[in-house]
Amino acid sequence: MSEFGGMEELLGDFLMESTDLLSDVDNKLVELEKRPEDKALLNDIFRGFHTIKGGAGFLNVIPMVNLCHRTENLFDKLRNGELHITSEVMDVILDATGIVRDMFGTLSQGLMPGDADARVLAALDAALAGQPLAAEAPPEPAVVAAPAAAPAAAAPAGSGPDWNQLYQAPASAAAPATPAPAPAAAPAAAAPAPAPQPPAVAKPAPKPAPAKTGGGGPAASGPQENTIRIDTVRLDMVLNLSGEIGLTKNRLTTLRTEILQGNRDTNTLRSLDEAISQLDLLVGDLQNAVMKTRMQPIGRLFQKYPRLARDLARQLGKEVELVLSGEETELDKTMIEDLNDPLVHLVRNAVDHGIESPEDRIASGKKPQALVQLTAEQVGDHILIEITDDGKGMNPDALRRKAIEKGLIDQETANTLDEKQCLQLIFLPGFSTKDQISSVSGRGVGMDVVRTNIQKLNGRIDISSAAGEGTRISISLPLTLAILPVLVVRACNQPFAVPLAMVREIITIDGNAIQEVSGKPTIVVRDEILPLKTLASLLSWEPTQKPYFGVLMQSAEKSFILAIDSFVGRDDVVIKPLQNIRPKGVAGATLSGDGSVVLVLDMEDLLASSENNNTQARTTDMIAT
């Protein structure tokens, strides 16, 4: 039950506005660290905390008011020149914004958040008083190896294990978000009951960046928003088009009445044709206008990542600048939400795997500060997102050896891979270039999930890299998932739709051009040997005739030819899910112009479950005859 009875609507408005405001504050904090004397940035951040505090005060969220009040006072002194920004002060401020974001998550569930971390409040008070904060080097990622060795080494020989320390080690990792301030840890050999150190001037230890999007970091993924902000101009366009369609409907109703009364002269039929053409044009415009109401600038997603990159780089002892470009590019709102996790992983990978330490960069003739670029642009009817870094790049031979070591591929397969295919090995489940598991990486999960999530959005992900120069990862996505461009084909006297984004070209199949390689049918197209798969065999159906056409398709890093009986043509369809059933390889259904049902195929699912050599062999014999 909500603790804000009768104020749910006000709470929702506050969370929507304050979440965007806090994301903007996070970005400006990262910029402020580069330009600590920028008065405009200081004033903007001050106003941000002041606005959040005012809204929290109206809702009587006292813990948030107390935290924002301290932070607001700190920025008041910073902008008046009484205090100056340091890395330690910035860490404390960013910890405060993380706690505010956690409080937003609690409020979104209708609950009152608890008090902020006492250590953070004490550190803010110390900064306000001008007391120096304890400067701590960014901790190295904790290596998960021999977990019992560290406690044992901490105790003097012959003293036995420190059971209290062994208990506190895992307990501290699972401590609640609001722990009481703890005294400084004493050496194991020290006398009992040492005097505790006051925590007022001690900066709280930097929290490791989350391995995924959970936690209180800026990229934390909470419940998806069910609301959307729409420009009134776009709503006016939808309203005007709806009115035009209403007028055209009235005209068609009048013509229908005249035709039913026997008036079928040339003028009436011409008017009917014109009205239908106008209706077709208006419906198309209305469809586009409605789609635009769902479009949101991708900058709302991008603005989460500068803080993420900054925190992770500081944790790893690296110097990284994340540069954003193309934030105004628009994408379907649901796709923006689903892109968050893949992009978080790619940004983290660029900072962790791609970027070298400042010492290594200087030794290789580079600037100590690395550059990571996150860009978006519209290319035709697709959105292109690229993550580029100027780090050490990837060595294809090293990736090949690592995949063999982990047993992901055998030596024979490895010998057939070219450089591009070696780079694609990072998408294999279980692949990791790290030998040790840390809080950041090394578990061999991530890139395969990234590719799977991108493919669920009907997108493609590609990678290019040069050793010593850097890596570029490109993601190509459709503008929206609401309407899918498809190629309608026929097999076994049934129509099917395949995503047009996967189609490269249509060719005719000549039985004499089919050759068997390792027992599987292939066709050579412009010196490229491509496997031949019939749609009937992928569906586990018996072929009814010899396929005459082939659709050259690109699926992830694989290319193949899909043999079909015939094709109908291109169409834009609205996919409807099938209720209570999920046939193999079927993403949904749609209706054709004549009212018949057309199944929309999930080619990735079909290919993953098509290892039926016997069926394929029978199909090969049929094509060759």
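Q: Two strands pair if DSSP finds at least two bridges between them. In this predicted model, what makes strand β4 and strand β5 a pair?
A: Strand β4 (residues 369-379) and strand β5 (residues 382-389) are joined over eight bridges, in the antiparallel sense. Across the two strands, V379 stands opposite H382 in β5.

Q: What makes β2 and β6 the edge strands of the sheet?
A: The open sheet has five strands in the order β2-β4-β5-β7-β6, with mixed pairing. Strands β2 (319-325) and β6 (460-466) each pair on one side only, and are thus its edges. From one strand to the next, the twist averages 15°. Helix α17 (residues 447-456) packs on this sheet, touching β6 and β7 (470-478), and its direction makes about 140° with that of β6.

Q: Why is helix α1 called roughly antiparallel to α2?
A: The axes of α1 (residues 8-34) and α2 (residues 39-58) cross at roughly 155° and come within 9 Å. Angles over 145 degrees count as roughly antiparallel, so α1 is described as roughly antiparallel to α2. The crossing in which α1 passes α2 is left-handed.

Q: Which residues make the contact of α1 with α2, and how do they divide into nonpolar, polar and charged?
A: Helix α1 contributes residues including L10, F14, L21 and L29, while those of α2 include L41, I45, F49 and I52. The residues of this contact comprise 14 nonpolar, four polar and three charged.

Key:
Residues are numbered from 1 along each chain as its sequence is written. This is a predicted model: local features need pLDDT of at least 70, side-chain atom pairs count only at pLDDT 80 or more; totals for chains, interfaces and linings use all residues. Side-chain values use heavy atoms; hydrogens and water are left out. Axes are lines fitted to C-alpha atoms, for helices over the stretch in contact, and angles run from 0 to 180 degrees between N-to-C directions. Helices (H or I, at least four residues) and strands (E, at least two) are DSSP runs, numbered from the N terminus. Angles under 35 degrees count as roughly parallel, over 145 as roughly antiparallel, 65 to 115 as roughly perpendicular and the rest as oblique. A crossing is left-handed if the near helix is turned anticlockwise from the far one by less than a right angle, and right-handed if clockwise. Contact means heavy atoms within 4.5 Å. Ala, Val, Leu, Ile, Met, Phe, Trp, Tyr, Cys and Pro count as nonpolar, Asp, Glu, Lys and Arg as charged, and the others, Gly among them, as polar.
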